[in-house]
Amino acid sequence: MKHGIVWIGATALVLLVVACATAPYTGRSQLLIISQAEENALGLQAFQESVAGAPASTRADWKAMVERVGLRIAAVAERPDFQWEFKLIAENTVNAFCLPGGKVAFYEGIMPVCGDDTGVAVVMGHEVAHALARHGGERVSQSVVAKMGTDVVSKVLGGSDAASQQMIATALGAGAKYGALLPWGRTQESEADQIGLILMAKAGYDPREAPRFWQRMEAKTGTAGRPPEFLSTHPNPETRIQQLEAWMPEALTHYQPR
Ligand SMILES: [Zn+2]
């Protein structure tokens, strides 16, 4: 028992030391018990395990579109510690994600909904925003904190057992291999929308496309019968569009058409 008390004390100290992070652009306080470098390393590991081996798309036009938009968003993201890579996966899934450290995956199924570069920029901005705002690190932190008492922080983060690996990969948003993305919290989703709008505007894409893109996603839900995975983890479409319109004036101050 004595060891347990010492451990809880040490963990509380760790939390106090590292919990004072704030999200970029919004200034929201965050609980983060891993460093940015650790988070990036976990992101790269998740990419190797769940994305690197996935079949690459043979649609040269779509691949070029994802790469072109990705590089422009990356250029305004100001993250020299990220090793950017943009992969289009040959799978008819309406989904996309960006792992900590800059590894981005789009699935072919989302490309018709995007339609053009600006549509891709809506998704790219949103997903890259999740990584910039360290939402994966927050979710890993929350998962680890939730496991306190039954596991040790260092064991979870350093764990090579399948359960630890799966928990971390899922927490980071690499849902492809495991069949399901954990829903991001509503706060994280709204934050990704807000930051994504600014990123796409800074990269020279008209942010006024964002509400139109989400309307297309909603229309797809109606016809598909069941919500696409990407959409089912995201907030109420009407609320989202209202919020996007509210943030639009600020985003437009960053927008210079190219
Ligand atoms: Zn999201």
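At what angle do helix 9 and helix 12 pack, and how far apart are their axes? I started my notebook with that pair. The model is predicted, so I read every value below as computed from it.

**Helix 9 against helix 12**

I looked up the two helices first. Helix 9 covers residues 186-202 and helix 12 covers residues 237-253. They pack at an angle of about 35 degrees, and their axes are 10 Å apart. I noted the hand of the crossing as right-handed. Then I listed the contacts. Helix 9 brings Ser190, Asp193, Gln194, Leu197, Ile198 and Ala201. Helix 12 meets them with Arg240, Gln243, Leu244, Trp247, Ala251 and Leu252. Sorted by class, this contact has 7 nonpolar, 3 polar and 2 charged residues.

I stayed in helix 12 for one more residue. Glutamate 245 lies in this helix. Is glutamate 245 buried or exposed? I found it exposed, because it has 12 C-beta neighbours inside 10 Å and the cut-off for exposed is 12 or fewer. Alanine 210 is 35 residues from glutamate 245 along the chain, and their C-alpha atoms are separated by 9.2 Å.

In what order do the 3 strands of the open sheet run? The order is 3-5-4, with mixed pairing. Strand 3 (85-89) and strand 4 (96-98) are the edge strands. Each has a single partner strand, so one side of each has no neighbour in the sheet. The twist averages 10 degrees from one strand to the next.

I followed one pairing in detail. Strand 3 and strand 5 (residues 103-107) are parallel and share 5 bridges. Isoleucine 89 stands opposite tyrosine 107 of strand 5. Then I asked what packs on the sheet. Helix 3 (residues 60-77) does, touching strand 3 and strand 5. Its direction makes about 150 degrees with that of strand 3. Helix 5 also packs on the sheet, where it touches strand 4 and strand 5. The direction of helix 5 makes about 40 degrees with that of strand 4.

**Helix 3**

I checked the length of helix 3. Its 18 residues reach 25 Å from first C-alpha to last, close to the 26 Å expected at 1.5 Å a residue. Which residues of helix 3 are buried? I wrote down Met65, Val66, Val69, Gly70, Arg72, Ile73, Ala74 and Ala77. I kept the helical repeat in mind here: an α-helix has 3.6 residues a turn, so residues three or four places apart point the same way. The cover over the buried residues of helix 3 includes strand 3, strand 5, helix 5 and helix 9.

**Positive phi**

That sent me to other backbone angles. Most residues other than glycine have a negative phi. Tyrosine 25 has a positive phi of about 70 degrees. It sits in the loop between strand 1 (21-22) and strand 2 (29-30). Tyrosine 25 is partly exposed, with 16 other C-beta atoms within 10 Å. Arginine 134 has a positive phi too, near 60 degrees. I placed arginine 134 in the loop between helix 5 (117-132) and helix 6 (135-146). Why do I call arginine 134 buried? I do so because 22 other C-beta atoms lie within 10 Å of its own, and buried needs 20 or more.

Key:
Residues numbered from 1 in each chain as written. Predicted model: local features only at pLDDT ≥ 70, side-chain atom pairs only at ≥ 80, totals over all residues. Helix = DSSP H or I, 4+ residues; strand = E, 2+ residues; numbered from the N terminus. Axes fitted to C-alpha atoms, helices over the stretch in contact; angles between N-to-C directions. Left-handed = near helix turned anticlockwise from the far one by under 90°. Contact = placed C-beta atoms within 7 Å. Nonpolar A, V, L, I, M, F, W, Y, C, P; charged D, E, K, R; others polar. Pairing = 2+ DSSP bridges. Expected span 1.5 Å × (residues − 1).
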